[in-house]
Each structure stands twice: as structure tokens, then as C-alpha cells.
Amino acid sequence: MRDLSEIRKDIDKIDSQLLELFKARMDCAKEVGRYKKANDIPILNQQREDEILDEVEKKGGEYGAYARLMYTNLMELSRTLQYNIVGGGEELRGLIANARPGIEADGARVAYQGIEGANSFEAASLLFPTGELGCRKTFAEVFAAVESGEADYGVLPVENSTAGSVSAVYDLILEHRFFIVGALDMEINHCLAGLRQSELSDIEIVWSHPQALAQCAEYITSRGYKSVPCENTAVAARDVAHEKRLNVAAICSKSAAKAYGLKLFEENIQDENGNTTRFIVISKTLCISENANKISLCFSLPHVTGSLYNLLARFSSLGLNLTKIESRPRAGREFDYLFYLDFSGNVHSASVVDLLSRLSEEMPEFSFLGNYFETDTQ
């Protein structure tokens, strides 16, 4: 067996050769890019790439799969270089260039799901302190209000740190493709509240929104309570007050308990400290502030082996941090999915706009959903 230092010397020698070959190959990619620009030829030729990758894997022998992966990345880098030469994505670049410079919050008409005291109401109040807030019964009605122009903006929960994604909202995002123009990470502290005539020992049943019930699942189980889902936490508080059942309590916010005259039995009953819900602001008008720090996209993927990996590799190569990826099944299409993706970034960065432009031309059903500032209340 050879000494490790000798093996490393050989690796260093091979790497130096590989680097020179890589530079020569990228020089050729530049020439290809100039030719394609001059002759108006699309950058991506999927059939040619697949043929090359199949041949590389065959010739790679026992390292065939590794060779395919290396060449996949090499082709991605070559295409990136060519896109920088050819340009493209004019429609997306124009959309971004003409975006409004920020949310017009003063006097804005804002729709949220639930009633006064709901977490969505609290989030909307923080985001639009001088806005005209209007409640809607369902998430779909919030989107409908924005669609019809009854509301300028909609505020919706999309994810909780304990209970996970609000799938119904993601489905509506992918259906409507409205712009996301703001976001808020709000700490959620749940309380157990009941009638003033009740005692904690009387409680057998708790009412709340399914997300809140999930966020307090261990608490509920440990006390042997039966849980009943409601439209949202504030509706649960309101209904407990109206029903006047001594053995029923609501899991709701402290403000909702106060609004509906309930007595607080226990506070901060969520299973995890730092329980946080992420809310988004939707609009039919694209707004991008100077300090925007989050970008959202949706798209489907080509039915090509490794397409998701190749997509994620693009973000990695630019050092961009993916913060969310959500897949939702397509109705009536077996094993076909739409993807929602968040990453940290700002479209004032040339490399970010170049990446988005490439994706807009390559990814089926691509939509740029927005670049916005995400506020954290903690």
C-alpha cells in the first residue's frame, strides 16, 4: 500500500491538469454562447445533454454514476456562462424593473382570515397599523377579496415552527400566483381560556384551530382533553363564550380571551418555546423594497432524471440560502407536482436576476412570486 503523502501528490498533479482542462472547456463554452447569441439558438439542448450524460456514465465503468454527476454540474456551469453572454429573461427583468418600491400601508384595505383576536388579525394589525382591516371566513375568501379588488392586500399564515406548513394556503398561492410583498414571523403564545364560572378542573374539551391544536398536542394529551377543531382560535374563544358550557375551553391568544370575556386558566401552553408562525402579505401588484431579503418562486420541473438536484445546485453554486421548499400534487395528474421555493436574496444583485431569468426560461410554469422584506417580531 502506498503512503498517503504519495497518493496526495498524485491527486495534486491530476487536479492541476483538471483545472487547466476545465478552463479550456469553459473557453469553448464561451464560444458556444457567442455562436448561439449570433444565431438565436436556445441555450438548453436537453436531448444533447442527456445523450452525453448517458455516454459518460457508460464509459465511467465503476465510477459511472459519479462521472454523470460531475458532468451534470459541468454542463450547468457551462450553461450559466452562456446565459451570461446571451442574456434573456426580458419579461421578468421588465417586471422587476417596474415594481412598486414598497407596500403602500397607510389606509390600505387588508383582508385576513378569522375574526378580531385571531392570530391573523394580530399579524395584520402589526403589518398595517393604519390599515382598514376586514375579516374573511376562509383563506380562499382572502384570495377572492384581493382578486376582486375589495382588498389591496391579504395577510395569511403559511408555516408554523411546530405544526409545519399550512398546506391549504400553499395550494391557493400556487393556484392564484399573486405576488408576495411582505412577511412577518410572529411568536405565538397560546392560552387555555374558559367561562368565568368554570374552574380548570371542569375542563374536558378544548376548541381551537387545527394548527393550534397541533401546536399544543402534548399539552392536550397530558391532560386527557378531547380536542374539537374550529375555523380559528378567535372563533373558538367567541364560541366558548356564546355556548356557555362549563366543561369547554378555547386554546387561543390572550387578546382573544380578553375580547370575548373569557377567564385565563393557563398561559404559554404550546409544546415548544419560541413557537412562531410565518405570515405573508399577498397583492396583485408587485412591490419590492430596497431592503427586501426573501425571494419566492413557483414552478414545475422537467421530467428529467436529477432535475430537482440540478435546480438546487444552481442556488448552491451562488451561495444562496434556501429557506423553504414545498411540493404540492397537481389535481388530476398522477405523480406530477408544483414546487414553491423561498430563498434569501435581493433582485438588486445581478447574479440573482441572471439566475431568475434562466429559471424563467427553463422551468415549466415558472412564476416569480416576489422579493420582499421579512420582519421578525421576536
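**Salt bridges, a helix and an aromatic pair**

Glu57 and Arg68 form a salt bridge, with their closest N and O atoms 2.9 Å apart. Glu57 lies in helix α2 (residues 46-59) and Arg68 in helix α3, so this pair ties together parts that are 11 residues apart in sequence. At 32% relative accessibility, Glu57 is partly exposed. The model is predicted. Across the whole structure, a search finds 27 salt bridges. Side chains of opposite charge can pair when their charged atoms come close.

A second salt bridge joins the side chains of Asp354 and Arg93, at 2.8 Å from N to O. Asp354 belongs to helix α13 and Arg93 to helix α4, so the pair ties together parts 261 residues apart in sequence. Asp354 is partly exposed, at 22% relative accessibility. Arg93 is also partly exposed, with a relative accessible area of 31%. Another salt bridge links Glu231 and Lys137, at 3.9 Å from N to O. This pair connects distant parts of the chain: Glu231 sits in the loop between β8 (226-229) and α10 (233-243), and Lys137 in the loop between β2 (132-136) and α6 (139-148), 94 residues apart. Glu231 is partly exposed, with a relative accessible area of 36%. Salt bridges also link Glu49, Glu76, Arg79, Arg314 and Glu362 in a network.

Glu362 is one of the buried residues of α13, which also include Val352, Val353, Leu355 and Leu356. The buried residues of this helix pack against several elements, among them α3 (64-86), α4 (90-97) and α12 (307-317). Strands β12 (294-299), β14 (337-344) and β15 (367-372) are packed against as well. Helix α13 has 13 residues (350-362); at 1.5 Å a residue it should span 18 Å, and its end C-alpha atoms are 18 Å apart, which agrees.

The structure holds 7 aromatic pairs. One of them is formed by Phe299 and Phe339, which are stacked, with 6.0 Å centre to centre and 15 degrees between the planes. Phe299 lies in strand β12 and Phe339 in strand β14, so the pair ties together parts 40 residues apart in sequence. Phe299 counts as buried, at 1% relative accessibility. Phe339 counts as buried too, at 12%.

Asn119 is found in helix α5 (residues 119-127). Asn119 is buried, because its relative accessible area of 18% falls under the 20% cut-off. Beyond its neighbours within four places in sequence, Asn119 is in contact with Met186, Ile188, His190, Thr233, Ser253 and Phe279. The C-alpha atoms of Asn119 and Phe279 are separated by 9.6 Å, although the two residues are 160 residues apart along the chain.

Technical notes:
Residues numbered from 1 in each chain as written. Predicted model: local features only at pLDDT ≥ 70, side-chain atom pairs only at ≥ 80, totals over all residues. Heavy atoms only, no water. Helix = DSSP H or I, 4+ residues; strand = E, 2+ residues; numbered from the N terminus. Expected span 1.5 Å × (residues − 1). Buried < 20%, exposed > 50% of the residue type's maximum accessible area, 1.4 Å probe, protein only. Contact = heavy atoms within 4.5 Å. Phe/Tyr/Trp six-rings, centres within 6.5 Å; stacked < 30°, edge-to-face > 60°. Salt bridge = Lys/Arg side-chain N within 4 Å of Asp/Glu carboxyl O.
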